[in-house]
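Visitor: Could you take me through this structure? I am new to it and would like to ask questions along the way.

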Amino acid sequence: MRWLIAYFCLLISILLLSKGLSLQTTSSNYFDSNQIEIYFMGFQIKEKVPREFIPMYSAFFLMGSFMFAVFSTIITLNSLLTLKRFK
C-alpha cells in the first residue's frame with residue numbers, strides 16, 4: 001500500500017512540474033487578452049489570471065511538485081528501511 005501511495009505522489013509531482021514549467025514558458029504572444037484561465041487535470045484553478053501573476057502560479061505549481069516529490073521519497077525510504085529491518 002505504501003508503494004502505491006509513493007507512486008501516486010510521484011505521478012502528481014510530475015504533473016505539477018510539467019504544469020509549472022509550461023506556465024513559465026508561456027510566451028506573451030499566446031494570450032488573446034490580458035488574462036488566461038489555468039486548468040490542472042481538468043479542473044479549473046482560476047478563471048481569470050492577469051499576465052503579471054502567471055510567474056507566481058508557476059512557482060506555486062513548482063513548489064507543490066517539490067513537496068510531493070519529497071513526500072514520495074520519504075515514503076519510499078521508509079518502506080525500504082522497514083523491509084531491510086525485518087530481513
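**A guided conversation**

Guide: M41 sits in the loop between β1 and β2 (43–50). M41 has a positive phi of about 55° although it is not a glycine. Please note that this is a predicted model, in which local features need pLDDT of at least 70, side-chain atom pairs count only at pLDDT 80 or more, and totals for chains, interfaces and linings use all residues. Residues are numbered from 1 along each chain as its sequence is written, and side-chain values use heavy atoms, with hydrogens and water left out.

Visitor: How many helices and strands does the protein have?

Guide: The protein has two helices and two strands. From the N terminus on, the order of elements is α-β-β-α. Helices (H or I, at least four residues) and strands (E, at least two) are DSSP runs, numbered from the N terminus.

Visitor: What is the span of helix α1?

Guide: Helix α1 covers residues 2–24, which is 23 residues, and reaches 33 Å from its first C-alpha to its last. That is close to the 33 Å expected at 1.5 Å a residue, where the expected span is 1.5 Å times one less than the number of residues.

Visitor: Which residues of α1 are buried?

Guide: They are A6, C9, I12, S13, L16, K19, G20 and L23. Buried means under 20% relative accessible area, exposed over 50%, and partly exposed in between (1.4 Å probe, protein chains only). Of the 87 residues of the protein, 28% count as buried.

Visitor: Which residues make up the largest nonpolar core?

Guide: This core has 10 residues: I12, L16, L23, I36, I38, F40, V49, I54, Y57 and F61. The elements giving two or more residues to this core are α1, β1 and α2. A nonpolar core is a set of buried Ala, Val, Leu, Ile, Met, Phe, Trp, Tyr and Cys residues joined through side-chain atoms within 4.5 Å.

Visitor: And what does L23 touch?

Guide: Not counting residues up to four places away in sequence, L23 touches I36, I38, I54, Y57, S58 and F61. Contact means heavy atoms within 4.5 Å.

Visitor: Moving to S65, is that residue buried or exposed?

Guide: S65 is found in helix α2 (residues 54–85). S65 counts as buried because its relative accessible area is 5%. Leaving out residues up to four places away in sequence, S65 touches S13, L16 and L17.

Visitor: What about N34, buried or exposed?

Guide: N34 counts as exposed, because its relative accessibility is 55%. N34 is in the loop between α1 and β1 (35–40). Beyond its neighbours within four places in sequence, N34 is in contact with V49, P50 and R51. N34 and R51 are 17 residues apart in sequence, and their C-alpha atoms are 6.0 Å apart in space.

Visitor: Which residues form the nonpolar patch on the surface?

Guide: The patch consists of W3, Y7, L10, I14, L77, L80 and L83, with about 700 Å² of accessible area together. Its largest share, four residues, comes from α1. L77, one of its residues, lies in helix α2 and is partly exposed, with a relative accessible area of 48%. Like charges are joined within 9 Å and nonpolar side chains (Val, Leu, Ile, Met, Phe, Trp, Tyr) within 5 Å.

Terms used. Patch = residues over 30% accessible without salt bridge, like charges linked within 9 Å, V, L, I, M, F, W, Y side chains within 5 Å. Areas by Shrake-Rupley, 256 points an atom, 1.4 Å probe, with all protein chains shown as cover. Salt bridge = Lys/Arg side-chain N within 4 Å of Asp/Glu carboxyl O.
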